[in-house]
Amino acid sequence: MADTFHIEKSELIAKAHQQMQQVLPDNSWTIREKLALTCRILFDAGHDSGLAGQITARAEHSGTYYTQQFGLGFDEITPSNLVLVDEDLNVIGGSGMANPANRFHSWVYRARSDVNCIIHTHPLHIATLSMLEIPLVVSHMDICPLFDDCAFLQDWPGIPVGNEEGEIISAALGDKRALLLSHHGQLVVGTTVEEACILAILFERAAKMQLLALACGDIKPIPQKLGSEAHDWISTEKRNQTTFAYYARRALRAHPDCQN
């Protein structure tokens, strides 16, 4: 006989979170391995745009982070060819150089002590939406991790290789986890690599859905309370770990070399 049909929604949510913590395993990949997996995951999700875009994660020592070796595409990244750089983009581990556009990552890391991973890419639907100079509209349950959590930079500051762009972009992001940059692309940040990866995937899906919806009519908003509830329900470390693990399994099947 069922014994949960009388329980309030809030209690069921709490019970589900508790069960996820007890049953779902943690990920055991290193930071380098997670970054390489993220590059392959995002490549398969349509975030590839030649050599444009950067994925970084804080390293063990303050003021340093890992990133791709400039000249390699997302589909070529492995833990062994990542580079370790300081805030000035000097390579202190690995070979080659970092993308010069990584400079604004240093500004974001300085501004946000809670951020441990940054993903900036130019996927097709986000880049297309950015040409309209309108904010991202979150009006579907699946993309509610971005509900009230995506900032908008309407005025394009130009190529992000100067300190000016670092100041502008870090200020525009504020305390949000995502940023739509007009005439440019997207930026997401996370306390973990898994969180940033999942947000980047959702961001591109959200942009695609917005463009499709706009072609049909006006987008109807979802209630603030329900959007916030869905944001918090989906945006947990355990769910991010579990979802990332699923995408990682897919990436490992498609790209068996990505952990070399």
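Leaving aside its neighbours within four places in sequence, with which residues is D44 in contact? The legends below begin with that residue. The model is a predicted one, in which local features need pLDDT of at least 70 and side-chain atom pairs count only at pLDDT 80 or more, while totals for chains, interfaces and linings use all residues. Residues are numbered from 1 along each chain as its sequence is written, and side-chain values use heavy atoms, with hydrogens and water left out.

View 1. Apart from neighbours within four places in sequence, D44 is in contact with A254 and H255, contact being taken as heavy atoms within 4.5 Å. Helices (DSSP runs of H or I, at least four residues) and strands (runs of E, at least two) are numbered from the N terminus. The relative accessible area of D44 is 43%, so the residue counts as partly exposed; buried stands for under 20%, exposed for over 50% and partly exposed for the range in between, with a 1.4 Å probe and protein chains only. Between the C-alpha atoms of D44 and M131, which are 87 residues apart along the chain, the separation is 23 Å.

**View 2. Helix α3 and the elements packed against its buried residues.** Within α3, which spans residues 103-111, the buried residues are F104, H105, S106, V108 and Y109. They pack against the strands β1 (54-58), β2 (64-67), β5 (117-121) and β8 (185-190), and against helix α5 (163-173).

**View 3. Aromatic pairs, including Y65 with Y109.** Rings of Phe, Tyr and Trp (its six-membered ring) pair if their centres lie within 6.5 Å, and planes under 30 degrees apart count as stacked, over 60 as edge-to-face and the rest as tilted. By this rule there are three aromatic pairs. In one of them, the ring centres of Y65 and Y109 are 5.2 Å apart and the planes stand at 40 degrees, so the pair is tilted. This pair links distant parts of the chain, with Y65 in strand β2 and Y109 in helix α3, 44 residues apart. Both Y65 and Y109 are buried. The rings of Y246 and Y247 have centres 5.3 Å apart and planes at 45 degrees, so this pair is tilted. Y246 counts as partly exposed at 38% relative accessibility, and Y247 counts as partly exposed at 22%.

**View 4. The largest nonpolar core, with 44 residues.** A nonpolar core is a set of buried Ala, Val, Leu, Ile, Met, Phe, Trp, Tyr and Cys residues joined through side-chain atoms within 4.5 Å. The members that touch the most other members are I119, L136, L146, V188 and F203. Two or more residues of this core come from each of α2 (31-44), β1, β5, α4 (124-130), β7 (178-181), α6 (193-214) and α8 (237-254), and α6 gives the most, with 11 residues. Leaving aside neighbours within four places in sequence, L136 is in contact with L129, L146, C150, L180, F203, A206, A207 and Q210. A second, separate core of 18 residues includes V85, F104, V115 and L187.

**View 5. The largest pocket, of about 530 Å³.** On a 1 Å grid over the protein atoms alone, a pocket is an open set of points with protein on both sides within 12 Å along at least five of seven lines, whereas a cavity is a set of points where a 1.4 Å probe fits but cannot get out; lining residues have an atom within 4 Å of a point. Grid points are joined across faces, edges and corners, and a volume is the space filled by probe spheres set on the points. Of the 23 lining residues, I198, I201, L202, R205 and Y247 lie nearest the centre of this pocket. Helices α2, α6 and α8 each supply at least two residues of the lining, and the largest share, eight residues, comes from α6. The lining divides into 10 nonpolar, four polar and nine charged residues, where Ala, Val, Leu, Ile, Met, Phe, Trp, Tyr, Cys and Pro count as nonpolar, Asp, Glu, Lys and Arg as charged, and the others, Gly among them, as polar.

**View 6. The largest cavity, with about 70 Å³ of space.** There is one cavity of 30 Å³ or more. Its lining residues include G50, L51, Q68, F70, F74 and N99, and by class the lining has five nonpolar, seven polar and no charged residues.
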